[in-house]
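Let's take a walk through a protein model together. Keep the picture open while you read.

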Amino acid sequence: MVATAISAGTATDPGRDCPLCPRLVDYRTELRAREPDGFNAPVPSFGGADAQLLIVGLAPGAQGANRTGRPFTGDYAGDLLYDTLLHFGFAKGTFLARPDDGLTLTNSRITNAVRCVPPQNKPLPVEITTCRPFLIATMDAMPRLRAIVLLGRVAHDTMLKTLGIRAVTAPFTHGGVHDAGRFKLYDSYHCSRYNTNTGVLTPEMFRAVFARVKTDLAAE
């Protein structure tokens, strides 16, 4: 197992009315009243548990996954992410930014460090910690897991804490690769519109991360 502090049988995804984070529950209740046609619940992971690649984001976006119910679906970050996955064969089909577009993942899975949408898209440290058991359970359920792409510093930091790796030994840098036992960690700036609009992240930089993942998995 990834960690021993989690009781056996922990679900990989929270229930629809998960009560663990009061602030997120209040926000979820508010969104359900404001936008009753939205998903408005903890967003489950997307992709099969037999995948070798796991992609970890921060949290669902209010107009993205929280509305559609599928990670990175409905906002700009998903446009870049799924286009990249399709390019490298980690997805197949056509991405139309909705959960019924028929897109499927191939040897990859997507999840978030926090499964519920946070106000202003900023989860609190306590919420990241509270949701970590679901990340651990997700990883434990993936026997072929060999590569983890971490989208942004928060995903990087929570993964280090999950694995008990000291931050000084694995600093966050775009394109950085860190050995973590049976798998490797691959760092990337988050594929948000802000990062791409400001030039912090270009499509070429993002693709380079997944090109490295593809090469390393093929070499095993």
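## Ground rules

This is a predicted model, where local features need pLDDT of at least 70, side-chain atom pairs count only at pLDDT 80 or more, and totals for chains, interfaces and linings use all residues. Residues are numbered from 1 along each chain as its sequence is written, and side-chain values use heavy atoms, leaving out hydrogens and water.

## Helix α3

Start with α3, which covers residues 76-87. Helices here are DSSP runs of H or I with at least four residues, strands are runs of E with at least two, and both are numbered from the N terminus. The twelve residues of α3 should span 16 Å at 1.5 Å a residue, and its end C-alpha atoms are 17 Å apart, which agrees. (The expected span is 1.5 Å times one less than the number of residues.) Just after α3, glycine 89 has a positive phi of about 80°.

Which residues of α3 are buried? They're Ala77, Gly78, Leu80, Leu81, Tyr82, Thr84 and Leu85. Buried means under 20% relative accessible area, exposed means over 50%, and partly exposed is in between, using a 1.4 Å probe and protein chains only. The buried residues of α3 pack against several elements, including β1 (53-57), β4 (108-112) and α7 (203-219). Aspartate 79, also in α3, is partly exposed because its relative accessibility is 36%.

## The cores

A nonpolar core is a set of buried Ala, Val, Leu, Ile, Met, Phe, Trp, Tyr and Cys residues joined through side-chain atoms within 4.5 Å. The largest one has 27 residues, and Leu85 and Phe210 touch the most other members. β1, α3, β5 (147-151) and α7 each supply at least two residues of this core. Apart from it lies another core of 16 residues, among them Leu54, Ile148, Ala155 and Ala180.

## Two crossing helices

Now find helix α4 (residues 125-140) and helix α5 (residues 153-163), which pack at about 70° with their axes 10 Å apart. Axes are lines fitted to C-alpha atoms, for helices over the stretch in contact, and angles run from 0 to 180 degrees between N-to-C directions. So α4 is roughly perpendicular to α5, a label for 65 to 115 degrees; under 35 is roughly parallel, over 145 roughly antiparallel and the rest oblique.

## A buried asparagine

Asparagine 66 lies in helix α2 (residues 65-68). Asparagine 66 counts as buried because its relative accessible area is 2%. Leaving out residues up to four places away in sequence, its contacts (heavy atoms within 4.5 Å) include Leu31, Phe39 and Val117.
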